[in-house]
Amino acid sequence: MRSRPAAIAVILVLVVIAIAIGALYIGVADTTTSIIWNIRGPRVIMAILIGSGLALAGVLMQGSLSNPLADPALVGVSAGAALGGVAAVSLGASFNTAFSALGACAGGAIALAVVTSISIRNRVPEVVTLLLAGVAVTAFAGALLTVLVSVSDSTATRSVTFWSTGSLSLTTWAAVLTVAPFVIVGAGISATMASSLDVLSLGDRAANALGVNVSAVRYRALIAVVLLVSVGVSSVGVIAFVGLLVPHAVRMVIGPRHGPLLLISALAGTILILVTDTASRVVANPIEVPIGAITAVVGAPIFFILIRRTRASQGGWA
Amino acid sequence: MQPPILDLIDVSARSKELIRLHAINVSVQAGSLACIIGPNGSGKSTLLALMAADLAPTTGRVMLAGRDLSKMTLGELAKQRAVLTQETTVSFPFTVRDVVEWGRIPWLGTMSSAENSEIVAEIMTKLKLDELATRPVTSLSGGERKRVHIARVLAQKAPLLLLDEADSDLDLIGRQELDKLMLEQVKSGGSVVVVTHDARRIAPISDQVILMSAGRVHAVGKPSEVLTTDSLSSAFGSPLKW
């Protein structure tokens, strides 16, 4: 696999660029070390965790639900996680603590359980139902989050806009240490399921007949999704389209096998978040543009193209 | 005497209030071809799903070569029976060879990869899939895709093949080839149960015909016993000349 070393090299270059670029140009002697260590360092590591986490979650959702349009933000997992995290904080926890992380996981898991249980009928996941349920869950969780943020003093450091468009600007080392274990465990789970996800493309009954325990695979994949996405969202907000677009783009280049797809998507997601986060700091310097705004501006048109392509290849959404 | 490869004892299936299959008793002998025919919604696919352990019976037992299906693991089942479902869509653009290779999954670890590849290569040639080997299966026509799935099912090398409307989407030559493959399976000691709407073609070459009607076995036996104008007409609820 030639693309792997290339992707890692690109990531290393981007890490250096991301650390060097920002609202304040590095070079002011006294503050340089502090900026690199306390502000840009954790931010770059967080970008790696968020980018790989969202991309892996996208691959797992699309593979386990046999649905090329699945994405943690579209189906409501991200909104549920944001709500769970905010709810934990309004109950007295601090951001980026074990308690807020568990709140986020609970929120993400509940949202995912609701949309998948509604969309799987006769053991077949339905594309349209999944997306519609995602719309409802996202709206519901978003509304509750708005209420909580308005009434609770303890969540005041993060606005409603922060949650809906995402930003890595508040990232600290504590945040990195809170998010990292969840993403690492989620990535570990996803690494074990590549070949089972391949076979799920046949549909549940045929995969079962080949000895694959479809429900167990799907369960495991969705648990990994919750771990990969939820705590990250509770730390940086909802960053849309990454989980949707990265797996698609990678699949077009290297094909659908989940082994390489998982690995290369994680690397490509990392690159995407590093680039967009760096861009968010410099395009309107000294003001930071929310990173989710950039991914949505780029992602929404590509999503349209994907819808058209998928419709052409599947003959409609009936 | 050898136990039948499949033995359904007082098996019924209901989902919620709906009775999909009334209690039935059917058995299929090893080394035989059985076909299930009947009108739409008569319970043919339900019966096949019960045989495949894809659906658990509400009452009764399904025995596979003398063992209770419900007590076998998915891995054991996959070595004993292969299932062709009506669904031929593959969600992502895997190649034809990828899909046929999945047929070997139950045997991974028990055979060398060289042996597995040999079986895949042999079956792909037999099903005339060599030229399509690297094509994405999503780009194929319905008939071609069906052939890929039939190849995958054969690659599983299971003694029992359960085929749900294997002939739909296939053209005349394809159906002729399919019949040949089913008879080969039977000749080599294996068994086939096939659900079909093309009774006139498959029933005469079958050892046993299971005629379903309204969730019951309307008639079962040798083709000459079951395939009569009277029994077909009453099963289909409309005059039908044989």
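Colleague: What should I know before reading off residues?
Modeller: Residues are numbered from 1 along each chain as its sequence is written, and chains are lettered from A and ligands from 1 in the order written. The model is predicted, so local features need pLDDT of at least 70, side-chain atom pairs count only at pLDDT 80 or more, totals for chains, interfaces and linings use all residues, and side-chain values use heavy atoms, without hydrogens and water.

Colleague: Which residues form the nonpolar patch on the surface of chain A?
Modeller: Ile110(A), Val114(A) and Ile118(A), with about 260 Å² of accessible area together.

Colleague: Where does Ile118(A) lie?
Modeller: In helix H4 of chain A, residues 98-119. Ile118(A) counts as partly exposed because its relative accessibility is 48%; buried means under 20%, exposed over 50%, partly exposed in between (1.4 Å probe, protein chains only).

Colleague: Switching to chain B. What is the strand order in the open sheet?
Modeller: E2-E1-E4-E5, four strands with antiparallel pairing. The edge strands are E2 and E5 (67-68), each pairing on one side only. Two strands pair if DSSP finds at least two bridges between them; strands are DSSP runs (E, at least two residues) and helices are too (H or I, at least four), numbered from the N terminus.

Colleague: How many bridges join E1(B) to E2(B)?
Modeller: Seven, between residues 6-15 and residues 18-28. Asp7(B) stands opposite Ser27(B) there. In this hairpin, with two residues between the strands, Lys16(B) takes a positive phi near 50°.

Colleague: And how many bridges pair E1(B) with E4(B)?
Modeller: Five, also antiparallel, with E4(B) covering residues 59-64. Ser12(B) has Thr59(B) as its bridge partner in E4(B).

Technical notes: Patches are made of residues with over 30% relative accessible area and no salt bridge: like charges are joined within 9 Å, nonpolar side chains (Val, Leu, Ile, Met, Phe, Trp, Tyr) within 5 Å. Accessible areas come from the Shrake-Rupley method with a 1.4 Å probe; for residues, only the protein chains shown count as cover. A salt bridge is a side-chain nitrogen of Lys or Arg within 4 Å of a carboxyl oxygen of Asp or Glu.
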